[in-house]
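Welcome, and thanks for opening your viewer. Please load the model and keep the selection panel handy.

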Amino acid sequence: MTAAGPNGGTPSDSRSSAEAVVEASLPEPLAELVRELRDYDRSSRAEMLIDYADRFVEVPPEVATRPFPELQRAPRCESDAYVWAVDRPDGTLKLYFAVENPQGLSARAWAVILDETLSGRTPEEIVRVPGDVVFDIFGKDLSMGKGQGLLGMLEVVAHEARRRLHARRAGPSGG
């Protein structure tokens, strides 16, 4: 999957030190997607993101039902995205999303990407994901409003992971 992109060249051809730092902090499935998208032109990237959006599945009713709680709402997201994290027995999280705007393709694509690359990861891995990854995936020409909404979705995911980490630290000690 990390062979030459649609514009030719290999991922290392255009890799900056800043990109290397961001990529090093990512869980492997997300890092792999960033590497794959690195050399895509705008059209190819858009096509791939639309494919992700088409795979969006809304939060199941056993996790959440409307009206969704404001606490789960992603700040600054014009598509009214909501985020939930459910604890798995192995200590990892499963992520779920709702996107209320049917035209919210970027939010839906981002929800699928976050689920497919971060579900099954530990809270420690999730909190290390930097916000710059949004631009690595959606492109540097992402509008400010859309970028802020996608960052807001990642913030809620990170908040849920941090909440788990704090709860573990505050749990029974000396076992």
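How many nonpolar, polar and charged residues are in the lining of the largest pocket? Keep that in mind while you find the site; note as well that this is a predicted model.

**Stop 1: the largest pocket**

Select Arg45, Leu49, Phe138, Gly139 and Asp141, which are the closest to the centre of the largest pocket among the 21 residues that line it. The volume of this pocket is about 510 Å³. Now colour α3 (42–54), α4 and α6 (133–138), the elements that each give two or more residues to the lining. The largest share comes from α3, with five residues. As for the opening question, the lining has ten nonpolar, three polar and eight charged residues.

**Stop 2: α3 against α4**

Stay with α3 and bring α4 into view. For α3 and α4, the axes come within 7 Å and cross at roughly 75°. Angles from 65 to 115 degrees count as roughly perpendicular, so that is how α3 and α4 lie to each other.

To see the contact, show Leu49, Tyr52 and Ala53 on the α3 side. Across from them in α4, pick Leu105, Arg108, Ala109, Val112, Ile113 and Glu116. Sorted by class, this contact has seven nonpolar, no polar and two charged residues.

**Stop 3: α2 against α3**

Next, select helix α2, residues 28–37. Its axis and that of α3 come within 11 Å and cross at roughly 145°. Show Leu33, Glu36 and Leu37 in α2, then Arg45, Met48 and Tyr52 in α3, to display where these helices meet. The contact has four nonpolar, no polar and two charged residues. Tyr52 of α3 takes part here, and Tyr52 also meets α4.

**Stop 4: α4 against α7**

Move on to helix α4 (residues 105–118) and helix α7 (residues 144–170), whose axes come within 10 Å and cross at roughly 30°. That angle makes α4 roughly parallel to α7. Their crossing is right-handed.

For the residues, display Ser106, Ala107, Trp110, Ala111, Leu114 and Leu118 in α4, which meet Lys146, Leu150, Met153, Leu154 and Val157 in α7. By class, you are looking at nine nonpolar, one polar and one charged residues.

**Stop 5: the loop between α3 and β1**

Finally, follow the chain into the loop between α3 and β1 (81–87), where Pro67 lies. Which form does the peptide bond from Arg66 to Pro67 take, cis or trans? This bond is cis, with omega near -5°.

Arg76 lies in this loop between α3 and β1 too. Check the backbone there: phi of Arg76 is near 65°, a positive value in a residue other than glycine.

Methods. Residues numbered from 1 in each chain as written. Predicted model: local features only at pLDDT ≥ 70, side-chain atom pairs only at ≥ 80, totals over all residues. Heavy atoms only, no water. Axes fitted to C-alpha atoms, helices over the stretch in contact; angles between N-to-C directions. Helix = DSSP H or I, 4+ residues; strand = E, 2+ residues; numbered from the N terminus. Parallel < 35°, antiparallel > 145°, perpendicular 65-115°, else oblique. Left-handed = near helix turned anticlockwise from the far one by under 90°. Contact = heavy atoms within 4.5 Å. Nonpolar A, V, L, I, M, F, W, Y, C, P; charged D, E, K, R; others polar. 1 Å grid on protein atoms, 1.4 Å probe; cavity = no way out; pocket = protein on both sides within 12 Å on 5 of 7 lines; lining within 4 Å. Points joined across faces, edges and corners; volume = space filled by probe spheres on them.
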